[in-house]
Amino acid sequence: MDPPFQEKYKSLFNDYTMVSNDKDENLMNSSDGWELPLIDLQRLTLKDPDIREKCVEEIRRAASEWGFFQVINHGIPQGMLKSLQNEQRKAFQHPFSKKAEDNVLNLSANSYRWGNPRATCLRQLAWSEAFHVPLTDISRICDEHKTLSASIEDFAATANTLAQGMAEILAENLGVSSTFFQENCPEETSYLRMNRYPPCPFSSEVFGLVPHTDSSFLTVVNQDQIGGLQLWKNGRWINVKPNPEALLINIGDLFQALSNDVYKSIKHRVLAPQQVERLSFAFFYCPTYETVIKSCIKPSMYREFTFREFMMQIQRDLKATGDKVGVSRFLL
Ligand SMILES: O=C(O)CCC(=O)C(=O)O
Ligand SMILES: [Fe+2]
């Protein structure tokens with residue numbers, strides 16, 4: 001069931017053996033010295049305005065100082081997360097050919113992804129596979145996989161509520177209209193990405209997922225207990241320790257532009273696990289393609305752009321350079 005990484009990317013592995021004397025830093029170098037903020041969202045539902053305001057402040061501070069934080073009592077039942085994880089595991093258990101060639105789930109073209117067709121060296125390869133599901137695709141999933149589509153639907157609805165709530169709190173003090181997210185981010189314009197990281201015999205040389213920022217407003221991530229997610233802070237990679245009670249929230253590129261850099265879209269990556277598979281899934285909170293992203297804070301650092309322009313620019317840059325350039329493309 002694992003994708004044939006070594007076979008497909010044989011030349012990269014061969015090149016690696018030839019130049020292995022100049023290996024740069026081992027991927028495992030990282031730091032455990034920092035604790036990611038952990039925020040209890042229960043306080044948002046309490047009557048006491050001071051308690052609520054303190055929680056709001058913590059969210060804003062974490063989004064501006066870290067771009068990444070963990071939330072507990074987030075409103076998504078634990079059972080719902082578990083059942084999506086079980087369904088995800090089953091979906092990946094299909095033979096590789098059924099996932100890659102037969103489109104086993106009947107999703108849109110190119111929804112099943114693995115490795116990195118553009119990799120020119122091992123460090124650009126991603127030792128993982130993913131189902132990237134536009135939420136408009138839920139109704140396409142065949143009846144045979146009803147329990148999967150039901151789990152995706154349940155999770156997407158609650159993740160959307162959580163994401164909208166977080167986005168509104170973050171935008172409130174930026175001068176963004178209070179209905180901006182409600183109007184521009186209907187549930188079906190977001191994406192669900194289910195990731196699987198198979199055990200990797202080259203985990204000190206190959207990433208599970210290469211360093212990147214997310215193209216969303218924000219992303220809600222559920223990870224299992226294996227670990228491996230890291231974020232870039234103060235010049236080093238920090239491990240994000242799994243917390244079984246918590247979901248992760250990270251700021252994406254669109255919020256960085258909307259907030260004029262008040263909130264940061266932080267680079268993150270996943271180390272490939274050595275012995276056991278790792279599973280995660282992420283809800284990317286995104287607007288319609290026509291949505292215009294422009295900051296209310298003046299002078300604006302970015303020229304205004306639509307989500308469509310942004311996504312097209314990413315594709316052009318990927319084609320030309322092999323890398324995502326992202327929001328810096330729109331700096332004035
Ligand atoms: O697997 C993870 O923990 C993070 C996944 C991720 O960053 C992504 O899918 O964009
Ligand atoms: Fe990501």
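## Around Met 194

Let's start with Met 194. Setting aside neighbours within four places in sequence, Met 194 touches Leu 84, Gln 88, Phe 92, Glu 129, Ala 130, Phe 131, Val 133, Leu 148, Ile 152, Ser 280 and Phe 281. Keep in mind that this is a predicted model.

Met 194 also belongs to the largest nonpolar core, which has 98 residues. Met 194 is listed there among the residues with the most contacts inside the core, along with Ile 59, Met 166, Phe 181, Phe 217, Leu 218 and Phe 255. Helix 6 (residues 146-172) gives this core its largest share, 12 residues.

## Helix 3 against helix 6

How do helix 3 and helix 6 cross? The axis of helix 3 (residues 49-65) comes within 10 Å of the axis of helix 6, and the two cross at roughly 85°. An angle of 65 to 115 degrees counts as roughly perpendicular, so that is the label for helix 3 and helix 6.

On the helix 3 side, the contact is made by Val 56, Ile 59, Arg 60 and Ala 63. Helix 6 brings Met 166, Ile 169, Leu 170 and Glu 172. Sorted by class, that makes six nonpolar residues, two charged ones and no polar ones. Ile 59 and Met 166 turn up again here, having already been named among the core residues with the most contacts.

## Salt bridges

The whole structure has 16 salt bridges. One of them joins Glu 277 to Arg 196, with the closest N and O atoms 2.6 Å apart. This pair links distant parts of the chain, 81 residues apart: Glu 277 sits in the loop between strand 11 (268-271) and strand 12 (278-285), while Arg 196 is in strand 5 (residues 191-197).

Are the two partners buried or exposed? Arg 196 counts as buried, at 2% relative accessibility, whereas Glu 277 is partly exposed at 22%. Both also take part in a network of salt bridges that links them with Asp 2, Arg 89, Lys 99 and Glu 129.

## Two more pairs

Arg 329 and Asp 317 form another salt bridge, with the closest N and O atoms 2.7 Å apart. Asp 317 lies in helix 9 (307-321) and Arg 329 in the segment after helix 9, so the bridge ties together parts 12 residues apart in sequence. Here Asp 317 is buried at 4% relative accessibility, but Arg 329 is partly exposed at 43%.

Then there is Glu 309 with Arg 303, a salt bridge at 3.2 Å, N to O. Glu 309 is partly exposed at 31%, and Arg 303 is partly exposed at 36%.

How values were computed: Residues are numbered from 1 along each chain as its sequence is written. Chains are lettered from A and ligands numbered from 1 in the order in which they are written. This is a predicted model: local features need pLDDT of at least 70, side-chain atom pairs count only at pLDDT 80 or more; totals for chains, interfaces and linings use all residues. Side-chain values use heavy atoms; hydrogens and water are left out. A nonpolar core is a set of buried Ala, Val, Leu, Ile, Met, Phe, Trp, Tyr and Cys residues joined through side-chain atoms within 4.5 Å. Buried means under 20% relative accessible area, exposed over 50%, partly exposed in between (1.4 Å probe, protein chains only). Helices (H or I, at least four residues) and strands (E, at least two) are DSSP runs, numbered from the N terminus. Contact means heavy atoms within 4.5 Å. Axes are lines fitted to C-alpha atoms, for helices over the stretch in contact, and angles run from 0 to 180 degrees between N-to-C directions. Angles under 35 degrees count as roughly parallel, over 145 as roughly antiparallel, 65 to 115 as roughly perpendicular and the rest as oblique. Ala, Val, Leu, Ile, Met, Phe, Trp, Tyr, Cys and Pro count as nonpolar, Asp, Glu, Lys and Arg as charged, and the others, Gly among them, as polar. A salt bridge is a side-chain nitrogen of Lys or Arg within 4 Å of a carboxyl oxygen of Asp or Glu.
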